[in-house]
Amino acid sequence: MLDTARWTVLAPLLQAATAGRDLLDDTIRRLTPAAVAAEVLREIGEHDVRLDLSFDGQTTTHLCTDAEVVITLDLADAVRGLYGTGSRPWPSLAVTTPDPDLDERGIAGWFQDRKGVAQSVQELLSALKPGHRDLGELAVEHGSDKWGDLHWYTQHYERHFAHMRDEPVRLLEIGIGGYDDPDRGGGSLRMWQRYFRRGLVHGLDIARKNVIGPRIMTVLGDQSDAGFLDRMGRELGPFDVVIDDGSHLNEHVRTSFHALFPHVRAGGLYVVEDLQTAYWPSWGGHPEATAGTSMGMLKSFVDGLNQAEVRDPRGEGSYLERNISGISFHHNIAFVEKGLNAEEGGPAFLRTLI
Ligand SMILES: C[S@@+](CC[C@H](N)C(=O)[O-])C[C@H]1O[C@@H](n2cnc3c(N)ncnc32)[C@H](O)[C@@H]1O
């Protein structure tokens, strides 16, 4: 079942966060301050201070409501901290702290207590304005197997994804992990959610999964069912990134690619992991990665890049030939770039000149 209502508030908010203040304020009014505050709180998690969020003259109290340390912030500034460009200082921040009881702890004790106050305040502000962290570090923290656990993929992901890290990307990963156990897996979804701080992260698995996150959505389905994938693409896409880390059966990889590549946005990437199975017959592969294998399919796209040189130079070409603009191969992983590949070929007279 696709939960298409899930992003009703977040998707417009992620877009508006980098716009001018008038547009952001209008978006918050339209979505309602209460719904926007709920998304902000989901994103930052629990903290032991009180957070007062103000907007249009109204203030609402959140987090540890009876805490004596109170941080007051404009709701739009909180949204900008989380999903904006990240560079500006807080224009509306105020911190109030309890009156010191000097009789009890003395001046030295009061200075000591202030360190704890500063730490609590800083933890909340860091959650409200997350910084950039290395993908390998995030993989280890969130238990993704893309770094160190059989694979060393994050170095390649950094190289191909860095330019869109701060964009409001829509990502789909086939294969959530943990197989039949609903409570296992999801390490990579949690890693992507933190790498793409403005990203909406979708995970597809054939087994039901309980992975929860402010910008994570899980989908139950089979990557070998082309009709289902097409419906999912129309409802949740277009995607900026699709990653196939599912069954790794060669036939499934090919079916998923053909069904989902049309749902990748121009400028986006389709990534296929664990290409070693292309060489393993029990997975539907072949030691030479021939035409019916996942690597065979990807290798054919390399020739497709130069299709205009072997066809009528002004001919149409197939959908994939016209829409794959680049491919990068690394050990066991490939990145297919979506973009218009429609340059004209060399003129007919040159082809037979020598
Ligand atoms: C290698 S794990 C995924 C690991 C995960 N991507 C990560 O990085 O943490 C493979 C997952 O693919 C799922 N899977 C297997 N066959 C599938 C299919 N036909 N369609 C969708 N998911 C499938 C399995 O249930 C399993 O959870």
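Q: Which residues come nearest to the ligand?
A: In this predicted model, E173, G175, S188, D205 and D245 come nearest, out of 18 residues around the ligand.

Q: What sort of residues make up that shell?
A: The shell around the ligand consists of 9 polar, 6 charged and 3 nonpolar residues.

Q: And where does the ligand sit?
A: The ligand is located in the largest pocket.

Q: How far is the side chain of S188 from an oxygen atom of the ligand?
A: An N or O atom in the S188 side chain lies 2.5 Å from a ligand oxygen atom.

Q: How much of the ligand does the protein cover?
A: On its own, the ligand has 610 Å² of accessible area, and the protein covers 90% of this.

Q: What about K146 and Y179?
A: For K146, a polar atom of the side chain is 3.3 Å from an oxygen atom of the ligand. For Y179, the atom concerned is a backbone N or O atom, and its distance from a ligand oxygen atom is 3.2 Å.

Q: Changing topic: where is T4?
A: T4 belongs to the segment before α1, the helix that spans 10–16.

Q: Is T4 buried, partly exposed or exposed, and why?
A: T4 is partly exposed because its relative accessible area is 44%, which falls between the limits of 20% for buried and 50% for exposed.

Q: How far apart are T4 and L236?
A: Their C-alpha atoms are separated by 6.8 Å, although T4 and L236 are 232 residues apart along the chain.

How values were computed: Residues numbered from 1 in each chain as written. Predicted model: local features only at pLDDT ≥ 70, side-chain atom pairs only at ≥ 80, totals over all residues. Heavy atoms only, no water. Near = heavy atom within 4 Å. Polar contact = N/O pair within 3.5 Å; in protein donor to acceptor, adjacent residues only side chain to side chain. Areas by Shrake-Rupley, 256 points an atom, 1.4 Å probe, with all protein chains shown as cover. 1 Å grid on protein atoms, 1.4 Å probe; cavity = no way out; pocket = protein on both sides within 12 Å on 5 of 7 lines; lining within 4 Å. Sits in = over half its atoms within 2 Å of the grid points. Nonpolar A, V, L, I, M, F, W, Y, C, P; charged D, E, K, R; others polar. Helix = DSSP H or I, 4+ residues; strand = E, 2+ residues; numbered from the N terminus. Buried < 20%, exposed > 50% of the residue type's maximum accessible area, 1.4 Å probe, protein only.
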